[in-house]
Amino acid sequence: MRIELEKRPERAEIFAWASPLIAVALTVVTGGLIFALAGINPLKGLYVFFIEPFTSLWSIEELIVKATPLVLIGVGLSIAYRANVWNIGAEGQFTMGAIFGAAVPILLNGWNDPSTLVAMLVLGTIGGMVWGAIPALLKVRFGANEILTSLMLVYVSQLLLDWLVRGIWRDPKGFNFPKSVGFDGWQTMPVIGDGRVNLGTAIALAVAVLLAILMSRTLKGFEVRVLGQAPRAGRFAGFSSERMVVFAFLLSGGLAGLAGIMEVASTIAQLQPNISPGYGFTAIIVAFLGRLNPIGVIFAGIVLAVSYLGGEAAQVGLGISDKTARVFQGILLFYILACDTLILYRIKLVGRAPAEARAHA
């Protein structure tokens with residue numbers, strides 16, 4: 001007796017959209033079991049982790065701040081994955097965007113007017129695109145696996161950042177700490193209102209809406225969908241898989257780079273060795289939880305932002321490890337993939353059959 005996955009003739013659309021909700025519900029149930037095994041009241045643990053981030057204006061603002069880079073990176077990855085292009089290196093593109101954009105206030109510290117911020121955002125986007133272009137060109141020119149090359153470049157970018165802030169970009173007045181000079185004025189993102197929510201949130205929402213329109217109303221969106229679902233049909237239609245690889249990496253890399261410079265120009269206001277709690281990797285979960293739909297990614301970004309803020313609250317209020325957020329993110333990704341698998345395939349038990357029957361099967 002063995003277990004096989006048999007492809008369903010068609011999938012139920014309602015279950016395809018219900019899958020993320022089922023995955024979130026299963027994650028909550030599993031989280032309760034984890035808290036119980038850790039000797040923590042499950043209801044209290046789940047309240048602190050999932051509900052407390054919504055109980056005050058300050059925490060809601062923090063939720064929006066943390067969701068902003070996740071949404072911006074996630075919408076880019078959702079387009080790439082719809083095209084069947086697997087960019088796993090958004091974390092590295094995020095870092096390179098921060099490096100490129102931060103070069104303006106670090107090397108031209110006296111430049112401080114609205115054009116400064118524009119230059120930072122443009123350079124940040126270019127930095128992410130440059131880092132995304134490397135695995136794209138390696139894939140197109142040499143057939144290299146884009147999953148491996150984009151992932152390996154994450155560590156290259158992080159080491160480059162570490163070298164810069166400990167070396168030539170270190171603040172000479174920073175008491176030898178590994179950090180750059182601080183950014184101020186138009187070298188930072190303008191704040192909306194009196195809290196910490198900044199212009200980056202509006203940019204992320206605008207990008208998500210524009211990409212939703214691109215996917216549903218333009219020829220490029222049709223090309224993305226066709227090449228992702230039926231590459232052979234796309235080639236017959238005259239679409240180029242190679243050009244799509246480059247397009248997907250430039251788009252997703254550029255948006256990750258834009259998220260990187262917006263992050264260091266807002267919540268951090270300088271370069272330092274650690275500028276991300278793993279936004280680039282978490283955005284992969286965001287893209288799938290949002291069903292690879294730019295509008296769905298907005299809501300998925302908020303859900304994953306809760307895991308960061310809830311993890312911090314649980315660390316303070318419950319005294320548990322700061323790695324709890326990663327555990328919940330991993331559980332959520334597992335359930336998303338499991339639910340999607342069961343939507344596309346059915347589990348079938350196959351007994352031992354005669355050789356002839358297996359040969360004719």
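Helix α12 is the element that gives the most to the lining of the second largest pocket, to which it contributes four residues. This comes from a predicted model, in which α12 (residues 294-317) also has a helix partner, α3 (residues 57-82), with the two axes coming within 7 Å of each other. The points below take the pocket and then the helix pair.

**The second largest pocket**

- The volume of the second largest pocket is about 300 Å³, and its lining is made up of 13 residues, among which Pro277, Tyr308, Glu312, Asp322 and Arg326 lie nearest the centre.
- At least two residues of this lining come from α12, and at least two come from α13 (324-344).

**The pairing of α3 with α12**

- The axes of α3 and α12 cross at roughly 135°, and α3 is therefore oblique to α12.
- The crossing in which α3 passes α12 is right-handed.
- On the α3 side, the contact is made by Ser59, Glu62, Leu63, Lys66, Ala67, Leu70, Val71, Gly74, Val75, Ser78 and Ile79, while α12 supplies Pro294, Val297, Ile298, Gly301, Ile302, Leu304, Ala305, Val306, Tyr308, Leu309 and Glu312.
- The residues of this contact between α3 and α12 comprise 15 nonpolar, four polar and three charged.

Technical notes. Residues numbered from 1 in each chain as written. Predicted model: local features only at pLDDT ≥ 70, side-chain atom pairs only at ≥ 80, totals over all residues. Heavy atoms only, no water. Axes fitted to C-alpha atoms, helices over the stretch in contact; angles between N-to-C directions. Parallel < 35°, antiparallel > 145°, perpendicular 65-115°, else oblique. Left-handed = near helix turned anticlockwise from the far one by under 90°. Contact = heavy atoms within 4.5 Å. Nonpolar A, V, L, I, M, F, W, Y, C, P; charged D, E, K, R; others polar. 1 Å grid on protein atoms, 1.4 Å probe; cavity = no way out; pocket = protein on both sides within 12 Å on 5 of 7 lines; lining within 4 Å. Points joined across faces, edges and corners; volume = space filled by probe spheres on them.
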